[in-house]
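Here are my notes on this one, for when you have the model open. Could you look through them alongside the structure?

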Amino acid sequence: MANRYRVLPKLSGSNPNSLRNSPSVPFRRLLCFDSVPQINDNKPTNPQDEDRHEQVRKLRILLQQGRTETAKRLLKSLILCKSPFSSPSDLFSLFSISSPSLKTTLSNILLSVCAESKLPNEAADLYMLIKKNGVFPALSSFNVLLESLVSSGQYRKTLDLFSEVVDSGIRIDKFTYGKAVQSAVKLGDLNRAMNLMNYMKKRGISPNGFVYNVLIGGLCKEKRIEDAKKLFDEMIERRVVANCVTYNTLIDGYCKVGNLDEAFSVRERMRAENVEPNLVTFNSLLCGLCRAQKMEEAKNVLQEMERYGFVPDGFTYSILFDGHLRCGNVDASLALYDEVMKKGVQINDYTCSILLNGLSKGGKMDKAEEILRKLTEKGLVPTEVMYNTIVNGYCRTGEMEKAFSTLEQMEICGLKPSCITFNSIINKFCELGNMTEAMEWVKKMAQKGSPPNLQTYNILIDGYGRSFQFENCFQLLEEMEQNGLKPNIVSYGSLVNCLCKDGRLLEAEITLRDMVGRGVLPNAQIYNMLIDGHCIAGKLKDAFGYFDEMLRHEIVPTIVTYNALIHGLCKKGRVVEAEELTLQITNKGLKPDVITYNSLISGYSGIGNTKKAMELFENMKEEGIQPTLNTFHPLIGVWNKGGLVLMEKMVEEMSQMNLTPDRLVYNELIRCYAQHGDVQKTFALYREMVDNGIQPDRMTYNSLITARFVEGKLQEVKDLVDDMKARGLGPKADTYSILIRGHCNLCNFSGAYVWYREMLENGFLPDISSCNELVSGLRKQGRLLETQIIYSEMSIKGINDWCTNEDLSAVAKM
């Protein structure tokens with residue numbers, strides 16, 4: 001009897017090859033055969049062959065009788081248990097020879113059984129064999145194969161098989177498309193996923209909720225939340241029902257980009273559509289609120305969650321622990337821990353690690369150790385992550401002996417310290433500048449079977465760089481490559497940053513060229529370091545040269561880039577150019593920040609344009625940008641001209657902004673009140689300054705001395721000078737000048753002369769004004785000898801034009 005065959009139709013319409021990233025092997029024209037059974041005369045030659053043929057005979061009988069479920073059970077036992085067949089493909093081959101008319105039926109069942117039994121590789125091999133035999137399995141079996149491949153993470157293979165089938169012209173369904181879309185999303189290829197959905201629509205197949213959910217999830221993961229929202233709106237417009245997964249995905253997406261208002265808006269819509277929330281809904285909202293440090297709102301969501309009958313799980317508590325610790329509220333975390341213990345909630349590894357990490361960052365190492373010990377007693381098995389957290393915590397607090405002890409305890413528990421463990425210790429010694437000890441620990445980690453990794457080398461390069469031991473940095477780069485480790489952007493970034501900070505700009509440029517030569521492309525951060533370094537050095541031409549190089553290489557400048565250039569221009573007094581550059585920030589879709597405004601305010605204050613400086617100060621507040629202390633520093637010059645009223649207004653404004661004055665601000669306040677003769681306020685501010693932990697400097701004492709002169713309290717003046725000396729702040733020319741003038745103003749020229757003598761003995765020269773005032777006073781009191789001495793000393797020092805003709809005449813008469 002002749003073979004009957006059916007040529008499967010070729011796909012018409014758009015070419016689906018555009019849906020693939022790379023061309024796959026064409027799926028050859030498939031033929032479905034109905035053939036006359038061929039008689040196999042080969043007889044079994046051994047017991048195993050007999051068993052193989054017997055199993056095939058049983059399958060044939062079951063399939064002929066239509067007993068599909070029994071056949072499935074037999075197939076499952078043959079592929080999962082010890083059987084005479086080496087693989088499902090082996091079984092299919094023998095069956096096809098003995099019962100060719102039933103091989104299509106068997107192919108469908110066997111392929112499904114393999115896929116459902118979580119044997120994706122065997123199922124894929126079987127599929128290829130079936131295809132080679134000119135048979136295409138039922139679409140339902142093919143879909144089960146795709147599901148198996150997706151479940152095992154074989155997304156590229158899923159897409160390849162999907163594309164072959166589409167090319168062959170076989171009509172596929174929503175499920176098939178869904179698995180292809182899911183695979184593209186899992187591979188991070190959202191463009192391909194969207195193209196697949198669009199192609200699906202063109203073929204007249206409406207995307208279902210699964211396809212929309214997968215795409216919305218992929219877009220949210222990429223933080224393309226507006227695109228996700230558009231897809232959601234399309235879904236609703238097409239009357240595809242949004243389920244809890246859809247809403248949860250959107251809520252989580254909005255929370256992760258920090259848009260909590262929209263997240264709660266989606267939650268309200270969910271409620272309006274009568275879609276019941278689940279634990280994931282509430283955990284997503286809690287996560288967003290805790291990230292934003294809105295713990296009161298988180299408490300309300302937790303209460304709503306409990307009203308719905310959901311019991312907080314370990315993940316819920318880990319979110320809350322993290323939230324409290326982000327707020328720096330370690331006590332709240334500990335209180336929550338006590339509550340969890342009372343409720344008998346089982347804390348898992350992840351939750352414990354979050355809690356320990358927060359306590360470690362908060363410096364509560366004793367409490368972290370105590371909690372770990374108690375949880376261990378309750379049956380929790382400490383992990384490497386937990387011990388690493390404790391080691392890192394002790395390194396943060398500088399308790400190195402306890403860090404070493406924890407490492408030993410870790411080994412006693414049978415856990416091997418990893419690079420992460422050792423890197424915490426090495427990093428601490430690098431921070432302390434103790435590179436010798438850091439290198440000793442590098443040797444120890446190698447001896448313990450953990451050779452240094454990329455992060456270890458990066459830590460060491462940064463450590464040597466901050467110690468300005470650049471030769472060692474370059475040696476480490478060479479050593480990395482010898483050990484098969486390729487330096488990355490962090491390796492070079494640390495080195496470039498330290499070279500720029502040390503003013504070694506030529507070496508920084510050489511390092512940049514070296515990294516490019518080695519195939520490591522610089523990013524915006526590297527260029528920012530170079531631009532900032534050259535701006536600080538006043539080399540604006542070179543700084544703008546790097547800026548132009550960034551643009552040529554299509555590296556997008558950041559706000560940091562622009563701020564560095566603006567600051568450099570303002571330091572040079574080129575404020576008009578700085579403002580022009582500020583306009584570029586807006587044109588590039590960026591927003592000027594507090595650093596931008598601080599530089600401009602400082603620049604205009606520096607050239608004496610206080611009006612413009614104040615305008616910028618008001619503008620930044622209108623833009624909702626919170627001023628910092630650095631904003632107020634250049635405005636001090638404005639205070640000087642505005643007097644006490646303006647100054648007190650500024651201080652009040654600082655207070656409303658919760659800005660505590662620093663030494664520079666306190667010094668200006670103290671100086672201003674001293675000059676205006678408000679001695680009580682002067683010393684009140686001085687005491688407040690000290691109470692806030694800010695130690696006085698020479699400028700502070702100069703103002704305090706001025707205030708005591710206003711009162712005419714010379715003994716207190718001397719006490720202040722003695723206090724200065726006791727603090728190691730020996731008076732310099734400016735202080736001595738104040739002392740001389742202060743005594744002269746009180747007509748105490750003898751006291752002024754004493755300070756004059758001490759001033760000269762300490763190697764300082766008085767200014768002409770102070771000298772004139774002192775000489776004039778001494779002369780009026782008839783103390784011409786001291787006057788002559790001063791004149792002689794000033795002449796010896798090369799200062800001859802300081803005194804008046806009247807003074808010279810008086811001295812000549814002597």
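Predicted model: local features only at pLDDT ≥ 70, side-chain atom pairs only at ≥ 80, totals over all residues.

1. Residues are numbered from 1 along each chain as its sequence is written, and side-chain values use heavy atoms, with hydrogens and water left out.

2. Take H3 (residues 88-98) and H5 (residues 120-132): their axes come within 8 Å and cross at roughly 30°. Helices here are DSSP runs (H or I, at least four residues), numbered from the N terminus; axes are lines fitted to C-alpha atoms over the stretch in contact, with angles from 0 to 180 degrees between N-to-C directions. H3 and H5 are therefore roughly parallel to each other (angles under 35 degrees count as such).

3. As for who touches whom (contact means heavy atoms within 4.5 Å), H3 brings Pro 88, Ser 89, Phe 92 and Ser 93, while H5 brings Glu 122, Asp 125, Leu 126, Leu 129 and Ile 130.

4. Have a look at Asn 274, in the loop between H13 (260-272) and H14 (279-291). Asn 274 isn't a glycine, yet its phi is positive, about 60°. Asn 274 is exposed, at 67% relative accessible area (exposed means over 50%, with a 1.4 Å probe and protein chains only).

5. Glu 554 sits in the loop between H29 (540-552) and H30 (559-571). Glu 554 also has a positive phi of about 60° without being a glycine, and is exposed, with a relative accessible area of 72%.

Notes. Helix = DSSP H or I, 4+ residues; strand = E, 2+ residues; numbered from the N terminus. Parallel < 35°, antiparallel > 145°, perpendicular 65-115°, else oblique. Buried < 20%, exposed > 50% of the residue type's maximum accessible area, 1.4 Å probe, protein only.
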